[in-house]
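The notes are grouped by topic.

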Amino acid sequence: MKRKKRRGPTAPAQRRELRLDELTGIVERAKAALSDADHATLKAAVETLAFLTQELEAKGTTVERLRKWLFGASTEKTSQVLGDPPADADAGDATGAAPDAKPKAPGHGRHGAAAYRGAAQVTVPHESLHRGDACPACLKGKVYPMAEPAVLVRVTGMAPLTATVYACERLRCNLCGEVFTAAAPPGVGADKYDETAASMIGLLRYGAGLPFNRLETLQRGLGIPLPAATQWELVERAAGQLAPAHDELIRQAAQGEVLHNDDTTMKVLALMGAPHAAAGAGAAATTAGSAADARTGVYTSGIVAVGGGHRIALFFTGHQHAGENLAAVLAQRATELPVPIQMSDLLSHNTAGDFTTLAAGCIAHSRRRYVEVADHFPAECRFVLETLREVYKHDALAEQRHLSAAERLQFHQAQSGPLMADLEAWLRAQFDERKVEPNSSLGEAISFMQKHWSRLTLFLRVAGAPLDNNVCERALKKAICHRKNSLFYKTLNGAHVGDVFMALIHTTELNGADPFAYLVALQRHHDEVVDEPAAWMPWNYQDALARLATAPASPP
């Protein structure tokens, strides 16, 4: 029997040093042999490899942290991070449920008929009975309509953009040859594309992240072609008509009581490569000077202003950071107004600008540092996370009770103040009593919270100060969705068009209105919007439409 030859230990693969610029050069040289989609995919893979290499070489990086960066954390709830057991199992009822357990919402995600606000309403009369007819059941009474009809919902599929072909009859005289053509219906013929077309394209592209080419493919498959170039022409023209309302949003946002700001990276092909001297043209009404001219990074800044019972979301794409864009917005603030509250994630980019605010720090960002090290320091992180959980419960309770800003401040001072004082004492004790190494990952989280403690606890001293910057983080998902699907903007003008649509769409959503109907109204009543833009905001434009509907017709 022939014996197998034993193999020695496998020699480790030889490590080869590769610089990112070398890999980028290889990808660019291979561009001629690849399609645009394949080239973009290969380039993204190289950038991901460079990011992973950089993070693996960084101090304190763990496989768990890389996994969360790549795929995202499913949740950061304290019970999920620390594996909390069910609270007081013995205190539940006979079914084992906790006494304060949140009941499961009915409906299982299904929507009732009232949710279909944009659906066509059709009244179906009874096939044989009418008001006042004799009852066929008892033969004595009479039937009358009930206040609530039996409601059925029928959902049908259709193309995002539909078309109607009008065949206007033509008649010709058999003697003189004169041709007589039927008149087109009102509004047909002046422009091939209605205002609703540009609104739908803008909503799909900048509200839902559907690229022009993908919508072109969808429309072609449904028999209603809509080239990507035509889509761009429509949204670019519509952005010019939407500009007065967008400018008014910026002006009103500057008067806000609380302003949230943050930014995310973005790609603009015109700004990639050599530093672009005209970085600010068309992206935002900001001039950051020579320092911004030399930058190569491109960002989309998000600003959410809260005040007067409304929320306004703004977006600015270019070389400027969130702090510089916020300074440009606050330049329109009325001088007699008090200093506003600014909420950010404590990065210097968000506060760098020529403006004065009451700076508040995002507790959620500080909390996340403990979530990342909870596996290694479960007992210490449990105390911090559970303390902050109680603070958030108090804030939610204040919102449920509809407390005013002053009442909310008093409530937090009474309920959350002692908790935060205990947390501050605990933070000091970790270093003073040498319980935690300052250079450890937990020590870095503690140092960060101590350094920014005054900003993190502004909600205990100033009425109206929020706990976190989550509202701005959610707003930036519009830009992130666009980046993930469309990958980039081509020019600064294209980025500005996207910023205008995103601002109007997300502001309308934040105020509970219909963004599609709002975009259509702004285009159809452009002249009225120019004359009085403050009357055409997402929260009051319906009143302006009602006034136009009841106004007497002007003489011809």
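In this predicted model, the buried residues of helix H5 include Ala197, Ala198, Ser199, Ile201, Gly202, Leu203, Leu204, Arg205 and Tyr206. These buried residues pack against helices H6 (212-221), H7 (228-253), H17 (470-486), H18 (492-510) and H19 (515-524).

**Helix H5**
- H5 spans residues 195-207, 13 residues in total.
- From first to last C-alpha, H5 reaches 17 Å, close to the expected 18 Å.
- Gly209 follows H5 and has a positive phi, near 80°.

**The five-stranded sheet**
- Five strands make up an open, mixed sheet in the order S5-S4-S3-S6-S7.
- Strands S5 (310-318) and S7 (358-361) are at the edges with a single partner strand each, so one side of each has no neighbour in the sheet.
- Neighbouring strands of this sheet are turned against each other by 25° on average, direction ignored.
- Strand S3 (residues 258-265) pairs with strand S6 (residues 341-344) in the parallel sense, over three bridges.
- His260 has Met343 in S6 as its bridge partner.
- Helix H9 (residues 322-330) lies across S3, S4 (299-307), S5 and S6, and runs at about 140° to S3.

**Cysteines**
- Zero disulfides are found in a search of the whole structure.
- Cys138 is in no disulfide, and its nearest cysteine sulfur, that of Cys135, is 3.7 Å away, whereas the cut-off for a disulfide is within 2.5 Å.
- Cys138 counts as partly exposed because its relative accessibility is 42%.
- Cys472 is also in no disulfide, with the nearest cysteine sulfur, that of Cys362, 9.9 Å away.
- Cys472 has 0% relative accessibility and therefore counts as buried.

Notes:
Residues numbered from 1 in each chain as written. Predicted model: local features only at pLDDT ≥ 70, side-chain atom pairs only at ≥ 80, totals over all residues. Heavy atoms only, no water. Helix = DSSP H or I, 4+ residues; strand = E, 2+ residues; numbered from the N terminus. Expected span 1.5 Å × (residues − 1). Buried < 20%, exposed > 50% of the residue type's maximum accessible area, 1.4 Å probe, protein only. Contact = heavy atoms within 4.5 Å. Pairing = 2+ DSSP bridges. Axes fitted to C-alpha atoms, helices over the stretch in contact; angles between N-to-C directions.
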